[in-house]
Amino acid sequence: MAIEIQPLEQFKIHPIIPIHIGGLDVSYTNSALLMTIAVVMITALMVLGTRKRALVPGRWQSVAEMSYEFVADMIETNAGHGGQEFFPFVFTLFMFILFANFLALVPYSYAVTSQIIVTFALAIVVFVGVTIIGIIKHGFGFLRLFVPQGVPPVLLLLLVPIELLSYCIRPFTLSIRLFANMLAGHTMLAILGGFAASIGLFGILPMGIDILIVALEVLVAALQAYVFAILTCLYLSDALHLH
Amino acid sequence: MSESTPPDPLSRLGQEIDKARAGRVRRQPPVADRSTLQRGLSLGFRIGIELVVAVVVATGIGWAIDRWLGTRPWGMIVLFFMGVAAGMLNVYRAVTGVSGPVGFRPPAESSTGAKGWDDEDC
């Protein structure tokens, strides 16, 4: 019996509820479904977890408080003074990516963050938002961000474009990092799973590796959410303080 | 009710928390170790992709400029090297803790603590 291994099959988006508005395909897809589940779960965790407001937190309240304190602490150390204003945004971002990444590890679910358009949308929101915040806080002084201090004027001709370029690259690195990690991880899982299914008894070997990779993927899922959030904090810090 | 418990359960809890906190001070080093590991891992994931993306994106922009202005191949060549420079700059700054494309030297009284660039010669 030949088993066809299609490791990229899992990333296919297929509509669950087809909706077409004026030639525009806005169908409710499996990707949208997983996003909805992630949002509902986060909301449930935060709302139900903190409902009792016990002085001695129960299990769920502990989880809610821990995630709150984790992000608050991250903003405090990385975005510095004035960063706490943006706590709701960073917290939402972190929790959404974290839950999307973790939910992707559930068998037969869908890896939302393995779609570049999803991660890029998140990253471009961060990028545009941070730029606007910087311009609001500093006006044209924000452009000082691109002018290194203590450099001969002649070199500025070369350095300012480089600074500008390295600033504009941010949304790309931010989105590609998350997307590539998720895509690679899930593809690898599927390939090894396919091996295990197709070589019979010896499949126990790739199966074992697969299990280890699942553990690695759990780490990557948490770490990528952390990296995304921490970079958002650092970018915010740039916009707020201009260093 | 044989032992002499404080009448207020809250103050008893407070005492217990204090005792637990006192016990936690001794466990401080492992906690710090874990955060170093976490920081190292996140840094590794960060810079791994920084250089590649910078070069690819910059070359792509150069290609687009060439198509638009018909200056093939100069835009692509120039932007390629600028991409390399920008990518290296980003990696360098990520590693030295001077994050983001800003002036080379942050002011000493910068409020962003815990980054350790005091002894950094950047």
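What is the mean pLDDT of chain A, and what share of its residues reach 70 or more?

1. This is a predicted model, and chain A has a mean pLDDT of 90, with 98% of its residues at 70 or more. Within chain A, confidence is highest in helix α3 (residues 87-104), at a mean of 96, and lowest in strand β3 (residues 24-25), at 85.

2. For chain B the mean pLDDT is 72, and 62% of its residues reach 70 or more. Helix α1 (residues 9-26) of chain B has the lowest confidence there, with a mean of 76, while α3(B) has the highest, at 89.

3. On the complex as a whole, the predictor gives an ipTM of 0.77 and a pTM of 0.81.

4. One helix pair joins the two chains in this account: helix α5 (residues 153-168) of chain A and helix α3 (residues 74-96) of chain B, whose axes come within 9 Å and cross at roughly 70°. Because angles of 65 to 115 degrees count as roughly perpendicular, α5(A) is roughly perpendicular to α3(B). The crossing of α5(A) past α3(B) is right-handed.

5. On the α5(A) side, the contact involves A:Pro161, A:Ile162, A:Leu165 and A:Ser166; on the α3(B) side, the residues include B:Met82, B:Ala86 and B:Leu89. By type, the residues of this contact are 7 nonpolar, 3 polar and no charged.

Technical notes:
Residues numbered from 1 in each chain as written. Chains lettered and ligands numbered in written order. Predicted model: local features only at pLDDT ≥ 70, side-chain atom pairs only at ≥ 80, totals over all residues. pLDDT = per-residue confidence, 0-100. Helix = DSSP H or I, 4+ residues; strand = E, 2+ residues; numbered from the N terminus. Axes fitted to C-alpha atoms, helices over the stretch in contact; angles between N-to-C directions. Parallel < 35°, antiparallel > 145°, perpendicular 65-115°, else oblique. Left-handed = near helix turned anticlockwise from the far one by under 90°. Contact = placed C-beta atoms within 7 Å. Nonpolar A, V, L, I, M, F, W, Y, C, P; charged D, E, K, R; others polar.
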